[in-house]
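I opened this notebook to record what I looked up in one structure. The entries follow in the order in which I made them.

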Amino acid sequence: MAYKTLLTVVRSSSEAPAQIAAAAALARDHDAHLDVLCLGIDEVQMGYYFAGADAVLQQTSIALAQEKAEKLVAEAETLAAAEGVLYSVRGMVSQYGVLNEVVGQAARFADLVVMPKPYGPDASLEK
């Protein structure tokens with residue numbers, strides 16, 4: 001089977017260089033397009049806001065996640081451009097509670113999703 005579209009989901013600046021390089025190498029080998037999804041995760045709330053949550057807290061946490069996504073997009077653009085493959089980069093903000101659905105929707109048209117190991121000495125929930 002030929003891979004025509006590869007997706008990688010970037011959640012941290014520390015993993016981005018190795019992750020994009022690995023995904024780009026596969027894209028190059030298969031003459032495929034690389035999609036990079038940069039996630040800013042709202043880490044304050046877990047998929048919902050309780051009734052007493054302050055509107056300022058909600059907006060602040062979403063704004064922080066948006067800033068992270070925008071920073072990752074800028075980094076990913078630079079990294080992917082240096083790889084010499086066809087690529088697209090987009091940012092998105094999500095809460096942990098709906099993260100599976102967000103990534104699932106992004107991956108629905110990809111032939112392969114390239115991700116770092118979810119375990120090991122350097123793995124953490126925050127990455």
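Entry 1. I began with glutamate 83 in this predicted model, and I found that glutamate 83 counts as partly exposed, because its relative accessibility is 22%, which falls between the limits of 20% and 50%.

Entry 2. I then looked up the partner of glutamate 83. The side chain of glutamate 83 forms a salt bridge with that of arginine 28, at 2.7 Å from N to O. I noted that this pair joins distant parts of the chain, since glutamate 83 lies in helix α2 (residues 55-83) and arginine 28 in helix α1, 55 residues apart. Arginine 28 is also partly exposed, with a relative accessibility of 41%.

Entry 3. How many salt bridges does the structure hold? I recorded two. One of them brings together the side chains of glutamate 75 and lysine 71, at 4.0 Å from N to O. Glutamate 75 and lysine 71 are about one helical turn apart, because four residues separate them in helix α2. For glutamate 75 I noted a relative accessible area of 24%, so this residue is partly exposed.

Entry 4. Is alanine 23 buried or exposed? Alanine 23 is buried, because its relative accessible area is 0%, and buried means under 20%.

Entry 5. Which residues does alanine 23 contact, leaving aside its neighbours within four places in sequence? I listed Leu6, Thr8, Leu34 and Val114.

Definitions and conventions. Residues numbered from 1 in each chain as written. Predicted model: local features only at pLDDT ≥ 70, side-chain atom pairs only at ≥ 80, totals over all residues. Heavy atoms only, no water. Buried < 20%, exposed > 50% of the residue type's maximum accessible area, 1.4 Å probe, protein only. Contact = heavy atoms within 4.5 Å. Helix = DSSP H or I, 4+ residues; strand = E, 2+ residues; numbered from the N terminus.
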